[in-house]
Amino acid sequence: GEDLDGAQDILIIGAGLCGSLLALRLGQRGYNVTVYEKRPDLRKVDISAGRSINLAFSDRGNKGMKLVGLEEEVKKLCIPMNGRMIHDKEGNTFMSNYSGRDYEYINSISREDLNALLLTEAEKHENVKIHFNKGCKHVDFENTSAEFKDYIDNSEFIEDADVIIATDGAGSALRKSYYLGKKFLFSFSQDYLTHGYKELSILPAEDGGYKTFKNALHIWPRGDFMIIALPNLDGSFTVTLFLSYDEGEYNFNNLTTPELVTEFFQKEFPDALEIMPNLVDDFFENPTAPLGTIKCSPWHYKGNTLLMGDSAHAIVPFYGQGMNASFEDVVEFDAVLDEGHDNWEAIFKAYEKRRKKDTDAIADLAIDNFHEMKDHVGQAIFQEKRKIEMALEKEFPEEYASKYSLVTFNEDIGYREAMLRGRAQDKAILNMLSDNVISAEDDIKDVLEKVKEETEAILEDD
Ligand code: FAD
């Protein structure tokens with residue numbers, strides 16, 4: 001085997017959320033780490049346009065922060081969101097907590113601030129070097145080398161390393177090289193939703209405060225489309241419109257004038273429109289982007305190259321787990337390094353084996369949640385189910401966790417286990433509600449017993 005404790009050279013492509021955490025962790029472990037990032041240094045240049053400005057950050061992501069000792073620093077960037085605040089068409093709101101346990105909540109965090117913190121921490125290690133404005137064109141995975149273009153002087157150069165790890169996001173250059181190389185059996189799928197997204201904003205109030213409730217993830221569910229809003233530290237909210245490109249009365253293709261956009265919001269989101277005087281400007285200035293799921297395998301070529309983060313498993317954003325999953329990737333990879341394998345191929349293999357089932361699961365859960373958020377959260381039976389689940393979690397904090405809690409807060413089990421158990425529970429509760437076997441008014445201990453029994457029966461059947 002190779003001497004993996006020695007000065008192994010690791011080349012990382014992409015210094016986004018996953019790449020910067022990976023660089024920091026591998027730097028802490030003593031490797032020689034070189035990172036190449038296509039875009040300018042976001043700590044020096046404003047390049048926020050076009051990507052989600054803030055994100056929901058939760059327990060699985062936080063495991064990554066604990067791993068590198070940044071939990072307290074990251075907390076300072078977080079705004080707790082205790083639940084979903086649902087806005088109906090009349091402007092009525094109600095809060096639906098994410099958990100019946102008070103200490104379980106998700107956070108809104110700035111992508112830029114978090115990425116900047118990780119970059120700065122990584123650079124504190126003299127064995128970590130990060131280069132900006134250098135985009136990877138192609139990876140020669142057989143020779144473990146990568147071709148880059150320098151966007152400052154337009155020169156091109158080749159770098160080689162002992163291993164290359166690509167964390168270059170959904171459009172990964174390494175993944176393309178696998179696909180185009182046709183040197184091994186590489187499976188790849190990409191599924192787009194018929195919906196795209198566009199970012200809008202609610203600006204801070206005159207006094208710098210928040211124009212709507214700060215500590216929630218706001219949702220305006222309308223069946224086939226929705227807007228959501230997450231708070232920022234400066235008093236603003238980032239609003240995201242999820243809408244079909246070409247279906248329905250209003251869609252991205254036909255919302256072509258300020259009048260139509262205003263009419264659409266007036267009809268569907270009147271309370272949001274009231275606090276969005278900048279709507280039309282935002283709408284026509286900001287890009288509309290597609291949403292898709294990417295699955296592929298294998299993630300690695302022998303012991304030479306590996307895909308991680310969105311490059312291996314891009315998912316739709318509706319569970320708020322893409323970044324969290326990518327951080328969890330680093331935690332899982334680190335655990336595999338601790339297992340003491342004596343060559344990179346064994347490490348990459350072991351990592352993919354323990355990880356892929358879970359990233360496949362969160363990809364599927366994220367699609368489920370698309371329908372849940374835009375549609376189900378507004379329905380009576382769904383609301384009664386949530387009410388029961390909240391009561392179960394409150395009364396029996398050790399015994400019951402909803403699907404949402406299993407996925408988001410229960411970091412000790414993988415996404416796949418959370419999915420299987422969570423789906424069975426959902427099915428059990430919804431079946432029993434529609435058959436009038438349980439209701440939110442029943443004795444909660446009885447409800448727990450029935451839900452447990454029915455869940456086990458469903459799990460055994462599947
Ligand atoms: P990225 O963050 O995409 O980083 C890739 C990096 O590689 C970038 O810096 C890029 O410039 C660089 N790069 C790309 N190509 C090259 C190249 N050829 N050479 C060199 N560098 C390159 N996740 C959550 O957990 N919670 C959320 O609430 C959430 N909301 C989201 C909302 C939206 C609208 C979207 C689109 C995503 C959301 N996500 C969320 C998902 C999250 O953004 C991603 O999962 C996460 O950014 C993945 O990190 P990454 O480092 O793998 O990829």
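Strands are DSSP runs of E with at least two residues, as helices are runs of H or I with at least four residues, and both are numbered from the N terminus. Two strands pair if DSSP finds at least two bridges between them. The model described here is predicted, so that local features need pLDDT of at least 70 and side-chain atom pairs count only at pLDDT 80 or more, while totals for chains, interfaces and linings use all residues. Residues are numbered from 1 along each chain as its sequence is written, and side-chain values use heavy atoms, with hydrogens and water left out.

An open sheet is formed by three strands in the order β3-β7-β4, with antiparallel pairing. Its edge strands, β3 (54-57) and β4 (79-81), each pair on one side only. On average, neighbouring strands of this sheet are turned by 35° against each other, direction ignored; axes are lines fitted to C-alpha atoms (for helices over the stretch in contact), and angles run from 0 to 180 degrees between N-to-C directions. Strand β7 covers residues 106-110 and runs antiparallel to β3, to which four bridges join it. Asparagine 54 has serine 110 in β7 as its bridge partner.

A disulfide is a covalent bond between the sulfur atoms of two cysteines. With the criterion of a pair of cysteine sulfur atoms within 2.5 Å, the structure holds zero disulfides. For cysteine 18, the nearest cysteine sulfur is that of cysteine 296, 13 Å away. Cysteine 18 is buried at 7% relative accessibility, where buried means under 20% relative accessible area, exposed over 50% and partly exposed in between (1.4 Å probe, protein chains only). Cysteine 136 is likewise in no disulfide, and the nearest cysteine sulfur, again that of cysteine 296, lies 15 Å away. The relative accessible area of cysteine 136 is 17%, and this residue is buried.
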